[in-house]
Amino acid sequence: MDRFTGIPKVLLGLALLCSIAAGQKAGGDIRVPKDYQAPPMTSTATLTTILSDAVRQIVATKPDLKESEIAVTLIDLRETTKWQTGEFRGGERIYPASVVKLFYLAAIERMLEDKQVPASPELERGIRDMIVDSSNEATQYILDVITGTSSGAELPKKQFEKWQFKRNRVNRFLSSLGYTNINANQKTFCEDAYGIEQQSRNYKSENRNALTTNAVARLMAEIVTGRINTPERTASMMTLLSRDWSKASSDTDNQATGFTGRMLIAKNLTATKLWSKAGWTSKARHDAAYIETPDGLKLVLVIFTENHANDRDIIPAIAANILEKLRD
């Protein structure tokens with residue numbers, strides 16, 4: 001016998017829809033890992049001085065380069081219970097170019113782990129291409145999956161507000177982890193954004209992606225140490241971020257050989273391992289790297305440069321100076 005006998009079917013339908021909607025609202029945001037704790041970071045004057053000196057040394061050799069066009073953050077991971085950090089303008093909000101894809105990687109892998117999105121070969125292909133090839137088209141697809149939004153025509157105010165709320169899903173996830181002073185809610189494009197994507201920017205380049213080198217370094221370190229997800233998930237992420245800098249490439253923007261890896265090549269640091277995510281535009285040139293050396297160094301080094309996108313010497317020069325000082 002139907003236990004709902006006597007209740008109008010219309011009311012039953014409405015109740016069911018409300019229940020589904022409530023469940024979606026409650027479980028829609030990306031979930032913080034169980035037993036998650038903020039990483040044990042401690043800023044040190046020694047590392048901060050090393051970074052400041054490294055920046056000033058390269059600025060002194062380039063008359064058109066300013067200190068205000070560089071930001072650097074270093075995290076020393078040799079002690080797992082105490083991450084020593086240093087920064088130079090590490091809290092400055094900067095357009096991150098493709099480095100933001102690191103944050104979308106963390107978000108989609110969390111959703112996959114919690115079965116908030118279904119796994120598929122196509123999703124796996126998109127994740128790989130976003131990180132390994134730095135594909136903007138793949139990134140657009142991944143952000144659609146994460147947020148349940150899609151590009152298209154502009155929307156009326158109320159509909160747009162709902163769309164924008166969903167598009168901010170990664171930001172709410174990062175905020176719940178304790179990340180501050182950043183924005184990660186926009187797609188990356190080879191050319192320009194149109195329609196609702198421009199509406200999301202208020203048609204004035206507002207609400208653009210913005211990251212600090214401090215936030216990027218923290219996320220890279222949380223991936224490296226397995227804090228942001230399960231050991232299996234973070235191992236998979238590290239595979240995507242692994243770079244073979246010993247393999248020659250004629251591409252000056254190759255993520256393995258054109259950024260921090262260029263320093264490893266110049267110094268012939270055999271057996272040194274590199275994981276990274278680079279980003280570059282007509283104005284910006286950035287790299288987020290994790291380095292392990294045979295003598296035991298384990299370093300996250302994030303370097304952002306602005307207004308010197310075609311200068312391929314700045315990032316490796318700063319990285320080389322820092323590495324030398326750490327070995328002294």
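Two residues are in contact when their heavy atoms lie within 4.5 Å. Keep that in mind as we look at this predicted model, beginning with helix α4, which runs over residues 121–132. The buried residues of α4 are covered by elements that include α3, α5 (136–147), α10, β4 and β5 (273–280). Which residues of α4 are buried? They are Leu 123, Gly 126, Ile 127, Asp 129, Met 130 and Ile 131.

Helix α4 has 12 residues, and from its first C-alpha to its last it reaches 16 Å, close to the 16 Å expected at 1.5 Å a residue. After the helix comes Ser 134, with a positive phi near 55 degrees.

As a general point, an α-helix has 3.6 residues a turn, so residues three or four places apart point the same way. Glu 122 is partly exposed at 40% relative accessibility, and Arg 125 is partly exposed at 48%.

## Salt bridges across the chain

Side chains of opposite charge can pair when their charged atoms come close. How many salt bridges does the structure hold? There are 21. One of them joins Arg 233 and Glu 109, whose closest N and O atoms are 3.1 Å apart. Arg 233 sits in helix α10 (residues 231–241) and Glu 109 in helix α3 (residues 101–113), so this pair ties together parts that are 124 residues apart in sequence.

Another salt bridge pairs Arg 262 with Asp 313, and here the closest N and O atoms are 3.1 Å apart. It links distant parts of the chain, 51 residues apart: Arg 262 belongs to helix α11, and Asp 313 to the loop between β7 (298–306) and α12 (314–327). Arg 262 counts as partly exposed at 35% relative accessibility, and Asp 313 does too at 37%. Elsewhere, a network of salt bridges links Asp 144, Arg 167, Lys 187 and Glu 197.

## A buried threonine in a loop

Arg 262 turns up again among the contacts of Thr 257. Where does Thr 257 lie? Its place is the loop between β4 (242–243) and α11 (260–266). Leaving out residues up to four places away in sequence, Thr 257 touches Trp 245, Lys 247, Ser 249, Asp 251, Arg 262 and Ile 265. Thr 257 has a relative accessible area of 9%, so it counts as buried.

## An enclosed space

The structure holds 1 cavity of 30 Å³ or more. The volume of the largest cavity is about 40 Å³. Its lining is made by Leu 74, Met 263, Ile 291, Leu 299, Leu 301, Ala 319, Ile 322 and Leu 323. The elements giving two or more residues to this lining are β7 and α12, and the largest share, 3 residues, comes from α12.

## How confident is the model?

The protein averages a pLDDT of 92, and 92% of the residues score at least 70. Over residues 1–27, however, the pLDDT is below 50, and this stretch has 3 contacts in the model beyond near neighbours in sequence. Where pLDDT is low, the predicted coordinates should not be read in detail.

Methods. Residues are numbered from 1 along each chain as its sequence is written. This is a predicted model: local features need pLDDT of at least 70, side-chain atom pairs count only at pLDDT 80 or more; totals for chains, interfaces and linings use all residues. Side-chain values use heavy atoms; hydrogens and water are left out. Helices (H or I, at least four residues) and strands (E, at least two) are DSSP runs, numbered from the N terminus. Buried means under 20% relative accessible area, exposed over 50%, partly exposed in between (1.4 Å probe, protein chains only). A salt bridge is a side-chain nitrogen of Lys or Arg within 4 Å of a carboxyl oxygen of Asp or Glu. The expected span of a helix is 1.5 Å times one less than its number of residues. pLDDT is the predictor's confidence in each residue, from 0 to 100. On a 1 Å grid over the protein atoms alone, a cavity is a set of points where a 1.4 Å probe fits but cannot get out, and a pocket is an open set with protein on both sides within 12 Å along at least five of seven lines; lining residues have an atom within 4 Å of a point. Grid points are joined across faces, edges and corners, and a volume is the space filled by probe spheres set on the points.
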